[in-house]
Amino acid sequence: MPTPQSPTLSNPINNGSRRGSDKWGSGHFAAPRGSRQHNGVDISAALGEAVLSPIDAKVVRVAYPYATDLSLTGILLEGVGRHAGFTVKIFYMSPEQSKIGKQVSAGERIGAAQSLLTKYPGIKNHIHLEVRQNGVVIDPQSLMPTLH
Ligand SMILES: [Zn+2]
């Protein structure tokens with residue numbers, strides 16, 4: 001669980017709002033996904049929209065949400081400084097290759113949103129944000145005052 005002194009996270013989409021419900025599900029943390037639960041929060045994003053780092057971080061590597069579909073990609077971030085102890089995965093975005101292995105600040109552009117419409121026709125296009133604090137999955141929205 002987040003502690004009271006946990007630092008806030010920046011919204012990875014400028015003025016981004018949580019994905020509402022569609023026929024594929026709902027965007028909030030712990031929403032049902034078949035027999036499992038959604039382990040992150042989805043934030044509405046248009047194709048090509050800038051994706052910003054939610055934390056001060058080292059960009060570790062490109063990440064892949066699906067082993068069977070490498071066209072959809074994401075990024076793995078490891079928190080530094082005030083965000084030490086956080087690890088963040090963001091899916092459905094194309095990382096800026098020049099930032100892999102580099103350090104970025106919260107709010108800095110790290111990539112661009114992809115389109116999910118081929119894989120999930122009718123879905124509200126979004127990025128998926130997954131946050132661990134000291135190895136424990138948390139609700140990212142609990143630390144993100146600008147996400148509604
Ligand atoms: Zn998601």
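**The largest pocket**

The largest pocket holds about 440 Å³ of space. A pocket here is an open set of points on a 1 Å grid over the protein atoms alone, where a 1.4 Å probe fits, with protein on both sides within 12 Å along at least five of seven lines; lining residues have an atom within 4 Å of a point. Its lining counts 18 residues, and Arg33, Arg36, His38, Tyr66 and Tyr92 are the closest to the centre. Strand 2 (36–37) and strand 11 (126–133) are the elements that give two or more residues to this lining. Strand 11 gives the most, with three residues. Strands are DSSP runs of E, at least two residues long, numbered from the N terminus.

The model is predicted: local features need pLDDT of at least 70 and side-chain atom pairs pLDDT 80 or more, while totals for chains, interfaces and linings use all residues. Residues are numbered from 1 along each chain, and side-chain values use heavy atoms, without hydrogens or water.

Ser6 lies in the segment before strand 1 (32–33). Ser6 counts as buried because its relative accessibility is 12%, buried being under 20% with a 1.4 Å probe and protein chains only. Beyond its neighbours within four places in sequence, Ser6 is in contact with Gln133 and Leu143, contact meaning heavy atoms within 4.5 Å.

Elsewhere, three strands form an open antiparallel sheet in the order 4-10-8; strands pair if DSSP finds at least two bridges between them. Strand 4 (50–52) and strand 8 (93–95) are its edges, each pairing on one side only.

Methods
Helix = DSSP H or I, 4+ residues; strand = E, 2+ residues; numbered from the N terminus. Buried < 20%, exposed > 50% of the residue type's maximum accessible area, 1.4 Å probe, protein only. Points joined across faces, edges and corners; volume = space filled by probe spheres on them.
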